[in-house]
Amino acid sequence: MPIHKEDFGQLPNGQTVHRYTLSNNRGLTLKAINYGGIITELHVPDRNNRTADVVLGLSTLEEYLAGHPYFGALVGRVAGRITGARFTLDGTEYLLACNNPPNHLHGGLAGFDKKIWATETTESIEAEPCLMLTCHSNDGEEGYPGNVAITVTYTLTRENELRIEYAATADQPTPLSMTNHSYFNLAGEGSGNINNHLLQIHAHEYVPADGSLTLTGKITPVIDGINDLTRPTRLATLTGAPLEAHGDNYMINHQSGQDIVPVATVTENTSGRVMDVSSNATCLQFYTGKFLDQLTLRGKSGCVYKRFDGFCLECHGYPDGVNSPEIDDIILRPGKVYQQTTLYRFSIAGDSG
Ligand code: GLA
């Protein structure tokens, strides 16, 4: 059975949350729940065909409900930080939830990561297992205008990819720019820090953030020895002293909705696992997991997560595009369809296919 459905837990109102297990013919297994669309597990074979769960996450629904740093979650309406938690659109000013002062982060206090999504399991025309999640965001939610209908599809492809497709429509102009916030550790969740991973990001420019993580809006060339990752770079050089970096917002495409292009390649040589990320999103937020120890969170394997135990590669539009439309126009208008696709392809170092 390529798709399996089971109960994962109950919300305080008694509603049952379900967990779906999808498997492809190449050894990939994905588990996701309809609370927040959270990817709770992703099992990937190593060079000896032993699988490990390569995403961070929690064991129970109660732990997810108690609060977590967006583990595996669908993020929206706008992923990342909107400066000052406000914007003006077509002459009207909108005040958003200021949930990461002084900014609005990841859609606010109750973003898409906390929604109960309706689900449908299907197969693609290539007989690949798909989980389709849909939800509505109401006019005024977290301060945003307009009603939005959202569909996200997780597919495990024959090319050994996790493909995430986002689509949405709105009845009023509204900013929309979604992502999935999975934390990866290709050596396996709970195996320690990410220092031995090699990361290559195919971007020559980034947008610096200030001390409060507010994006400055100045597209800047990447800096050799600091955040130029155009060549494979051992993550220890970023997570160790003296940098201890949290990551950066890299410019990938110059406009949203362009072709799907290579974004990043991650290699973990002990296991041999390689993950290639490609997307048609404008930006990549690389996040090192620096703030993972802000809460005491016991992962699925029983260990307490420490800083740098997992990293995120979040493909989305320019987060503050609503205040910097010259960088990226992230406004979804009635009659238009928002479409974003991100692929995570898994392979073994040295193998061609
Ligand atoms: C937070 C967010 C991440 C990222 C980092 C900063 O932890 O959840 O998406 O923006 O801050 O790099």
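Visitor: Which residues are around the ligand?

Guide: A residue is near a molecule if one of its heavy atoms lies within 4 Å of it, and by that rule the residues around the ligand are Arg-81, His-106, His-181, His-246, Gln-285, Tyr-287, Phe-291 and Glu-314. This is a predicted model, in which local features need pLDDT of at least 70 and side-chain atom pairs count only at pLDDT 80 or more, while totals for chains, interfaces and linings use all residues. Residues are numbered from 1 along each chain as its sequence is written, and side-chain values use heavy atoms, with hydrogens and water left out.

Visitor: Which side chains place a polar atom 2.9 Å or 3.1 Å from an oxygen atom of the ligand?

Guide: A polar contact is a pair of N or O atoms within 3.5 Å. His-181 has a polar side-chain atom 2.9 Å from a ligand oxygen, Gln-285 has one at 3.1 Å from an oxygen of the ligand, and an N or O atom in the side chain of Glu-314 is 2.8 Å from a ligand oxygen. Of the 300 Å² of accessible area that the ligand has on its own, the protein covers 93%, areas being computed by the Shrake-Rupley method with a 1.4 Å probe.

Visitor: Where does the ligand sit, and how many residues line the largest pocket?

Guide: Rolling a probe the size of a water molecule over the atoms shows where empty space is left. A pocket is an open set of points, on a 1 Å grid over the protein atoms alone, where a 1.4 Å probe fits, with protein on both sides within 12 Å along at least five of seven lines; lining residues have an atom within 4 Å of a point. The ligand sits in the largest pocket, in the sense that more than half of its atoms lie within 2 Å of the grid points. That pocket holds about 700 Å³ of space, and 36 residues line it, with Tyr-70, Arg-81, Asn-100, Leu-105 and Phe-291 nearest its centre.

Visitor: What is the phi of His-106, and which residues does a cis peptide bond join?

Guide: Most residues other than glycine have a negative phi, and most peptide bonds are trans. His-106 has a positive phi, near 50°, and lies in the loop between E10 and strand E11 (118–123), strands being DSSP runs of at least two residues, numbered from the N terminus. Cis peptide bonds join Gly-76 to Arg-77, with omega about 5°, and Pro-101 to Pro-102, with omega about 5°.

Terms used: Polar contact = N/O pair within 3.5 Å; in protein donor to acceptor, adjacent residues only side chain to side chain. Points joined across faces, edges and corners; volume = space filled by probe spheres on them. Helix = DSSP H or I, 4+ residues; strand = E, 2+ residues; numbered from the N terminus.
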